Amino acid sequence: MPTLFRFVVILAILAGIAYGTMFALVMFVEPKKAEMSVRIPPEKLNPKKS
């Protein structure tokens, strides 16, 4: 049983580290906002029917 308990504790610690990392990214990283435009060729909008 001690090895199972140690395994669960290690998984909990890793999950806490992952959660803390995600929380830090949400709080401290600001995404850059910019407009984006993509040109679509007319052939893709209205393909010829065979």
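## Starting at helix H2

Let's begin with Lys-44, which sits in helix H2, covering residues 42-45. (A helix here is a DSSP run of H or I with at least four residues, a strand is a run of E with at least two, and both are numbered from the N terminus.) With a relative accessibility of 66%, Lys-44 counts as exposed. The cut-offs are simple: buried is under 20% relative accessible area, exposed is over 50%, and partly exposed is in between, using a 1.4 Å probe and protein chains only.

Lys-44 is 29 residues from Ala-15 in sequence, and their C-alpha atoms are 45 Å apart in space.

## What you're looking at

This is a predicted model, where local features need pLDDT of at least 70 and side-chain atom pairs count only at pLDDT 80 or more, while totals for chains, interfaces and linings use all residues. Residues are numbered from 1 along each chain as its sequence is written, and side-chain values use heavy atoms, leaving out hydrogens and water.

## The whole chain

The chain has 2 helices and 0 strands. Its radius of gyration is 25 Å, well over the 10 Å that the globule rule gives for 50 residues, so the chain is more spread out than a compact globule. (That radius is taken over C-alpha atoms, and the rule is 2.2 Å times the number of residues to the power 0.38.) The C-alpha trace spans about 70 × 35 × 5 Å along its principal axes.

How much of the chain is buried? Buried residues come to 0% of the 50.

Val-8 belongs to helix H1, residues 2-28, and is partly exposed at 46% relative accessible area. Leu-4 is in helix H1 too, partly exposed at 45% relative accessibility. From Leu-4 to Val-29 it's 25 residues in sequence and 37 Å in space, C-alpha to C-alpha.
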